[in-house]
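The following exercises concern the fold and the assembly of one model. Please work through each task before reading its solution.

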Number of protein chains: 4
Amino acid sequence: MRHLILHINCPDQRGIIAQFTAILYDHGANVLNLEQHVEPGEKLFFMRIHIDLSSMEISENALGEILMALVKKTNSSIQFYYPENLLKMAIFVTKESAPLYDLLIKHQSGELPCEIPCIISNHEHLKEIAGQFNIPFFHLPVSPETKVEQEKEIRALMEKEKIDLLVLARYMQILSSEFVADYQGRIINIHHGFLPAFKGNHPYSKAWERGVKMIGATAHYVTAELDEGPIIEQDVVSVNHQHSVQEMVQAGRDIERRVLTSAVKAHLEHRIILDGRRTIIFHS
Amino acid sequence: MRHLILHINCPDQRGIIAQFTAILYDHGANVLNLEQHVEPGEKLFFMRIHIDLSSMEISENALGEILMALVKKTNSSIQFYYPENLLKMAIFVTKESAPLYDLLIKHQSGELPCEIPCIISNHEHLKEIAGQFNIPFFHLPVSPETKVEQEKEIRALMEKEKIDLLVLARYMQILSSEFVADYQGRIINIHHGFLPAFKGNHPYSKAWERGVKMIGATAHYVTAELDEGPIIEQDVVSVNHQHSVQEMVQAGRDIERRVLTSAVKAHLEHRIILDGRRTIIFHS
Amino acid sequence: MRHLILHINCPDQRGIIAQFTAILYDHGANVLNLEQHVEPGEKLFFMRIHIDLSSMEISENALGEILMALVKKTNSSIQFYYPENLLKMAIFVTKESAPLYDLLIKHQSGELPCEIPCIISNHEHLKEIAGQFNIPFFHLPVSPETKVEQEKEIRALMEKEKIDLLVLARYMQILSSEFVADYQGRIINIHHGFLPAFKGNHPYSKAWERGVKMIGATAHYVTAELDEGPIIEQDVVSVNHQHSVQEMVQAGRDIERRVLTSAVKAHLEHRIILDGRRTIIFHS
Amino acid sequence: MRHLILHINCPDQRGIIAQFTAILYDHGANVLNLEQHVEPGEKLFFMRIHIDLSSMEISENALGEILMALVKKTNSSIQFYYPENLLKMAIFVTKESAPLYDLLIKHQSGELPCEIPCIISNHEHLKEIAGQFNIPFFHLPVSPETKVEQEKEIRALMEKEKIDLLVLARYMQILSSEFVADYQGRIINIHHGFLPAFKGNHPYSKAWERGVKMIGATAHYVTAELDEGPIIEQDVVSVNHQHSVQEMVQAGRDIERRVLTSAVKAHLEHRIILDGRRTIIFHS
């Protein structure tokens, strides 16, 4: 099989599904799965089509041209993703090991379709874990004075390795707004709090002080504004008066890793379409 | 707006989406929502299309004929549902009030699109609740000797009121297999256990004995075999060693009513397609 | 049986359990259940003892005196609750019916040990529901001009009916800080958001805008600062891009009523001890 | 600090808490935490006391003698656990890596208070993971012919390493009933189904066939009867018609590891008391 995934979005209008699927049907491309969503307030249409190209009767270039003509006519935008071209993912960490382990274990077991050319950290604590999984580890320490220089090194590494997705797996540094803008929609962060509550540092301490009965974690795309980017996935776990801050940290670890891995998986499988500050997450 | 919901299922084949949506597009019927599912093992295709007919350029009869031609060609089966024709739902109860209350409250608040012409019970305990919501209450007591006769009365009532859906909201009687066969896919039961565990009577006592750490409820279509019909919805709640059987009953009540109401809502909104013993539940 | 529930809190010190239980044992009072909690940071000790007095060999007055001597010695504070003296609960509502129904249904089925002498509302929408359950309904409309006067009427009613607990079941008015201070620890509110996120008005709209993947509800004691009081219970439900604000409202209703009823039940069963801004919720 | 954890169970009777805590108080042993449970049907009393011995005024031997006198008088049984004596845990695996990884990661991060002297497997697939964490790996292959011999080797290894707890982390072999009897209450298994549903092999396939809407995992003590031992922990995750068996396997992995690790942690922290076929799980 040769697979293709299309993301199409456009102003809502009649016949979008009919016209796109007609092109595919007419030329022997088989729709394996189609999901769509209309945002009624904004009158926007979003669609993801998963296609098997193996019996197609025309070239991929020709299909592309025909689709682009319809895209133009319908005022759509379109993205083409070929699942056999695995995305390249860089993982950024500091000292917390749980989310890193989970990404590497799920990658090893084949659940995360990607290549991992590098793990980057401002500390050396997790170097051994990278070694356990035979992933190159780059120790790029950072201080207020060297921040600009370190980010230049990160950028060089991202470019050299042709990184498609940056995953901040409890990376305790803030990237510059220029950097974030250049990788818009391609940096996923895990925040160890239930956003929009408990933004910024020490969310578990704040949660303890406030006496909440559930703590959570939030995976989101990174934007220039701290912890304000589009949310991809969230989950919570119950806590009670017996939980110290440290026990909240432990209870939260399972949620953090699960939420982050699930969000990364959705991105790698091209199941996410951005709608401004909101995300549309298709199921398959 | 005039709405139409189509359920289509057929052997999996190319171009199903394209061909059906082309008919709609060509004649001015607007697809509001389309969801499909392929069962790869059985090579079966299932689709639900929600359509706005208000700008259609041909008659509904003509559309029906054109669709039927394609149905024949593709070896499909099709169902037509017009949401403005509310389904007629009968509720069967015995003594437990929680699921009955929930159905009536959600109906009152507009969340359950149906008419409720009657509540039937083999006891009089819940007559007052029916009165609170101004629904006719039919007390049809039953004993081993009168079982056949009582079911005849039920059947007469269902026919007189043109009932589309029978909801067993903790109705503690077993319907005959003939009756069940005649209403196949149109009787929903709530079982107060996490099927397939704890079938039959006294599931909470069995759960306590077994020392489970979660109890659940299951809404399913009724078939001739007890608690073996296609599952629509399930949910659970945590329990611990401190829960007595009676406290499990209380904890389970919230789950039972939520699961039942949610399953009934999915049926009333024509979001369920049966695939043998499994259910496909579309989202909207 | 004649039951007594004690709440004891004091600076953490050795022998608290031993000394209090010794008094009970020495005089024939039987401990049915004992739960305690130490807050290590604050070095505070909290304990709830559920006692059967039916075989006690001294009078209740004598027991009280002996306990008070130990309370003084250990620098504790103590509360005495006799479960057979049902608390008197007033329910405040506006237009939303779901939490009101749930309180009344659970009260009817015996799950909420209390009396409900009155339902108060600034609108007449829910008067019929009060009638369904035979609870007196007081329509006390309010405008900016009549706010002081209306609160005076509320206060008079609370005093006349000797109300112990005020439950704001989606009551859309803010009580004055004087009123709140006078009923400290005795007013429970349900907020239809996952505090501390989405405080104040229109939490579901805010949640939709922010694109969260879970919505929640929070039951808390009311303090002078809006939505900042001690949290008793929280829960969440998953939502996705398909949920409109209105569908979030529907999904949230089940959470709101469950969270509120559960919090009220904990209060009525004397299972809550306040520790500043945090709550200790014992299990039985 | 020197800590001691006591488990006491006995026929329910007055003054158990008072008498045991009096002994501790009288001799300078400080109760850090006390939890108790009465099983009303069986009239049994269970208690866990966590004690700080560091200011005790008598010897540990003397304390033991005094406690044993009360144990005899009250017809109790008692266990003494010193948390500083870490339990020795053996992990049994076959090919599934997720639960093994989770145990090793949580052990590494200090969340599982134990020593892990060995990992045993009937296959070599997971040898490398053992190597990653520097734990000795024993490959003990087994066939119907060598089953008796292999179990003898396992037994020898358990004795040599003085193993306290055997964890079957998806070990796909059945231990003999003699072996199980000798390690009663000391073997924990993870079953990848929501017991008592889907006992035995291939629970995910069975769950798919039955069309359940949730799949689960169950950690339990192993007894001679397959998947019938006392349940320690359970959890579930929602699935729908889109999940293939393979996707259920993936979704279940997170639940399996979380449930197993949590059950193992409860055992290692001496928070579990067996009550026949039921478990009492204390919180701290």
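**Exercise 1.** What percentage of the contacts in chain A with a separation of 6 or more is accounted for by residues 24 or more positions apart?

*Solution.* The structure is a predicted model, in which local features need pLDDT of at least 70, side-chain atom pairs count only at pLDDT 80 or more, and totals for chains, interfaces and linings use all residues. Residues are numbered from 1 along each chain as its sequence is written, while chains are lettered from A and ligands numbered from 1 in the order in which they are written.
- Step 1. Two residues are in contact if their C-beta atoms, placed from the backbone, lie within 7 Å.
- Step 2. Among the contacts in chain A with a separation of 6 or more, 69% come from residues 24 or more positions apart.

**Exercise 2.** Determine whether the radius of gyration of chain A agrees with that of a compact globule.

*Solution.*
- Step 1. The radius is taken over C-alpha atoms, and the globule rule is 2.2 Å times the number of residues to the power 0.38.
- Step 2. For 284 residues a compact globule would have a radius of gyration near 19 Å; the value for chain A is 21 Å, which agrees.
- Step 3. The C-alpha trace of chain A spans about 60 × 40 × 35 Å along its principal axes.

**Exercise 3.** Describe the open sheet of 7 strands in chain A.

*Solution.*
- Step 1. Helices (H or I, at least four residues) and strands (E, at least two) are DSSP runs, numbered from the N terminus; chain A has 8 helices and 13 strands.
- Step 2. Two strands pair if DSSP finds at least two bridges between them. The strand order of the open sheet in chain A is 7-6-5-8-9-10-11, with mixed pairing.
- Step 3. Strand 7 (137-139) and strand 11 (231-238) of chain A are at the edges, each with a single partner strand, so one side of each lacks a neighbour in the sheet.
- Step 4. Strand 8 (residues 165-168) and strand 9 (residues 187-191) of chain A run parallel and are joined by 3 bridges. A:Leu168 has A:Asn189 in strand 9 as its bridge partner.

**Exercise 4.** How many residues of chain B are in contact with chain A, and which elements of chain B supply them?

*Solution.*
- Step 1. In chain B, 14 residues are in contact with 14 residues of chain A.
- Step 2. On the side of chain B that touches chain A, helix 1 (16-26) and strand 2 (30-39) of chain B each supply at least two residues.
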